[in-house]
Amino acid sequence: MSLLVEVFVREQDGKRRILDVPDGVYQSGGFESWRTTVWGSVFVRSLGARFLPVLAEGDLYVEAEDVPEFRREVALLRSRLD
């Protein structure tokens with residue numbers, strides 16, 4: 001099973017409305033096992049990641065106001081792919 005990526009917006013009543021995403025994005029979070037072996041790993045945590053390690057315990061929801069910081073975290077991890 002793959003980790004699924006969905007894009008949502010908050011409606012005025014607080015409910016999430018899922019938006020369509022481009023082909024190939026939906027399963028771009030990696031394998032289910034990556035929750036702990038990658039995103040929740042000691043290495044990722046040691047870099048100061050605070051969003052992606054949440055996946056080790058459950059689902060991750062990044063609210064609109066947190067997207068810039070989330071993008072910085074992803075960029076940091078991408079810079080350390082080696």
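This report walks through the nonpolar core and the salt bridges of a predicted model.

## The core

Let's start inside. The largest nonpolar core is made of 8 residues: Leu3, Trp39, Val44, Leu47, Ala49, Leu52, Leu55 and Leu77.

Leu55 is a handy one to click on. Leaving aside residues up to four places away in sequence, Leu55 touches Leu3, Arg35, Trp39 and Leu60.

## Around Arg35

Arg35, which Leu55 touches, also has a charged partner: Arg35 pairs with Glu32 in a salt bridge, with 2.6 Å between the closest N and O atoms. Arg35 counts as buried because its relative accessible area is 17%, under the 20% cut-off. Glu32, at 33% relative accessibility, is partly exposed.

## Other salt bridges

The structure has 5 salt bridges in total. One of them joins the side chains of Glu11 and Arg17, at 2.3 Å from N to O. Both ends are partly exposed, with relative accessible areas of 31% for Glu11 and 43% for Arg17.

Then there's Arg50 with Glu69, whose side chains meet in a salt bridge at 2.9 Å, N to O. Arg50 sits in the loop between helix 2 (42–46) and helix 3 (67–79), while Glu69 belongs to helix 3, so this pair ties together parts 19 residues apart in sequence. Arg50 is partly exposed at 46% relative accessibility, and Glu69 is partly exposed too, with a relative accessible area of 33%.

How values were computed. Residues are numbered from 1 along each chain as its sequence is written. This is a predicted model: local features need pLDDT of at least 70, side-chain atom pairs count only at pLDDT 80 or more; totals for chains, interfaces and linings use all residues. Side-chain values use heavy atoms; hydrogens and water are left out. A nonpolar core is a set of buried Ala, Val, Leu, Ile, Met, Phe, Trp, Tyr and Cys residues joined through side-chain atoms within 4.5 Å. Buried means under 20% relative accessible area, exposed over 50%, partly exposed in between (1.4 Å probe, protein chains only). Contact means heavy atoms within 4.5 Å. A salt bridge is a side-chain nitrogen of Lys or Arg within 4 Å of a carboxyl oxygen of Asp or Glu. Helices (H or I, at least four residues) and strands (E, at least two) are DSSP runs, numbered from the N terminus.
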